[in-house]
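This report is an introduction for a reader who is meeting the structure for the first time. Please keep the sequence and the model in view while reading.

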Amino acid sequence: MRPNAAALPAWAPPAVAGARPVPTCISGSPRRSVRSCLLQRPLGGFIPDKLRPRFCMNVPSFFHFTFFLREVRTPAWSRWIWRTQQFSVPRVPSRQAAGKNSSSNLLGLTEAELKEQFVRGDGPGGQATNKTNNCVVLKHIPSFIFLQCHQTRSVEQNRKIAREILQEKVDLFYKGEDSDVFKEKKALEKKKQEKKRKAKENLERKKQFKEMQQLDKK
Amino acid sequence: MRCFTHPLLRRLLGLSPQSVPGGPSQSKGPICSPKWSSLRQSCSARPGLVTATDAVNYWKKVFETNGIPEARESSEYIVSFVLGAKTFQSLNSKSLYTPLTALQQEQIQQLSNKRLERMPVQYVLGEWDFQDLTLKMRPPVFIPRPETEDLVSLVVEEESWKCEKNSDLCFPVSVPHPVILEIGCGSGAISLSLLCKLPQSQVIAVDKEKTAVDLTRENAHRLQLQDRIHILHHDVSLSSAKQLLLWGPLDFIVSNPPYVFHEDMASLDAEILCYENLDALDGGDDGLRVIKTILALAPSLLKDSGL
């Protein structure tokens, strides 16, 4: 089953040219942390049944669709209408941040499945130019997921980081809640909530203690 | 953003952009570098407060008005640098919308003024990334190009392929200690990257420019690699190559020599023509002058299995 395109609002350009759309969290909480990559999928694009993940129509409620056409020099892809899913993507791939081996249980990506483009403008490269835009656009052909990575000033590093993040996204896309990426993120969120709850409890206890002290003084 | 419909900006955009063929040598300065006070006034939603995003958009407009190429990228790199980050995309949302201090605004202005003189961003910031290293950059030493990162990866691949071949042949394999010569080291990007990726390697880096030798030495010290690199002020086309054999025959000779056709030199961007050492680019009439010199030297320097 395809996403019901009619139910979705039409794409509109951002209110002010050049404005960056506000990123939102997967969990729906206020925007936070690093907008390291933008993830893009086609609007109502056809996804062959065998590639469609089983959770495709159970679109997680925490996914927030925003409409934003990125200025990417990708003439070969210009026929696609892209809709951006903005994730609160951490500065480093999440599994690396958690100190785990990033390639252990994730679906592997082969170079044949990937299409890469550097957003560096027109004209020849090499010594004759000094272009500084080392942004890398990486596309996973089977799932139509692509992302832009401009985390560092080195094109090699951006390529490496883009691949790591794309691998996580593809794994999440195909495995859904079975994905290690999803599980770790949930665990992290749970830990954070637990920490918040404990901090709140401590604050309450301190408050009560102070009140009791004041009562004793009287 | 609302502040950029301010009349000041409309006046800015109404001025004709100034072409800058000769870079800093021309008599007229950049068009209209408005003071920060104008920017602060223009951000009416938050009087007196300027955020990183405001600054990027503001300086992007200023660069565009003055015909500076890569206006957005330049302003993003400058603002990110002042905030302690590598790229704008790597800043967190808190940094993007926190008001900049007066010192930060002053620093951004100073750096942006240099960029308005068509100074390359790498020289403006005084540093740049090459693979996973951050290296100091200083005019007129040649700025490493992104394509050169592929060259380093190729050498590393070749070395690992050689090691695999040796282990397949069941030779008694001790840890390999490849000796590499880099001709034309510039800022030391290739040499220092190879030293990091091949921990047992040693490098002899040569350059005919003293400024390049000094900068490579400085970068080597910053990365604590000075013990494994020998940097020589040496012109391979003029001087004897004997001193290049101080560690014996070489496993690799690596270089990003000048290869631009001499007739194309005049059409290079102002950033390159005015600030970089043109000897690092000019490859002569056929672009092969230095390359031929290196190829002629190679047989006398390399091991039988050398590349």
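## Aromatic pairs

Rings of Phe, Tyr and Trp (its six-membered ring) are taken as a pair if their centres lie within 6.5 Å, and the pair is stacked if the planes are under 30 degrees apart, edge-to-face if they are over 60 and tilted for the rest. Over all chains, the structure holds four aromatic pairs. One of them is edge-to-face and joins Phe173(A) to Tyr174(A), at 5.1 Å centre to centre and with 75° between the planes. A residue is called buried under 20% relative accessible area, exposed over 50% and partly exposed in between (1.4 Å probe, protein chains only). Phe173(A) is buried at 5% relative accessibility, whereas Tyr174(A) is partly exposed at 21%.

In chain B, Trp59(B) and Phe63(B) form a tilted pair, 6.1 Å centre to centre and with 40° between the planes. These two residues lie about one helical turn from each other because they are four residues apart in helix H3 (residues 52–65) of chain B; helices (H or I, at least four residues) and strands (E, at least two) are DSSP runs, numbered from the N terminus. Trp59(B) is buried with a relative accessible area of 0%, and Phe63(B) is likewise buried, with 0%. Together with Tyr58(B), Trp59(B) and Phe63(B) form one aromatic cluster.

## How the model is read

This is a predicted model in which local features need pLDDT of at least 70 and side-chain atom pairs count only at pLDDT 80 or more, while totals for chains, interfaces and linings use all residues. Residues are numbered from 1 along each chain as its sequence is written, chains are lettered from A and ligands numbered from 1 in the order in which they are written, and side-chain values use heavy atoms, with hydrogens and water left out.

## Where the chains meet

Counting heavy atoms within 4.5 Å as contact, 34 residues of chain A are in contact with 45 residues of chain B. The two chains bury about 3300 Å² between them, 42% of it on carbon and sulfur atoms; this area is the accessible area (1.4 Å probe) that two parts lose on being put together, summed over both. Gln127(A), Asn130(A) and Arg153(A) supply 30% of the area that chain A buries against chain B, more than any other three residues.

A salt bridge is a side-chain nitrogen of Lys or Arg within 4 Å of a carboxyl oxygen of Asp or Glu, and two are found across the interface of chain A and chain B. Arg153(A) also meets Glu127(B) in a salt bridge, at 2.7 Å from N to O.

## Salt bridges within the chains

The structure holds 23 salt bridges over all chains. In chain A, Lys175(A) is bridged to Asp171(A), with the closest N and O atoms 3.1 Å apart; the two are separated by about one helical turn because they stand four residues apart in helix H2 of chain A. Lys175(A) is partly exposed at 25%, whereas Asp171(A) is buried at 0%. Elsewhere in chain A, a network of salt bridges links Glu111(A), Glu116(A), Glu156(A), Arg159(A) and Arg163(A).

In chain B, the side chains of Arg118(B) and Glu271(B) form a salt bridge of 2.8 Å, N to O. This pair links distant parts of the chain, 153 residues apart, with Arg118(B) in the loop between helix H6 (102–116) and helix H7 (121–125) and Glu271(B) in helix H11 (residues 270–275). Arg118(B) is buried at 8% relative accessibility, and Glu271(B) is buried at 5%.
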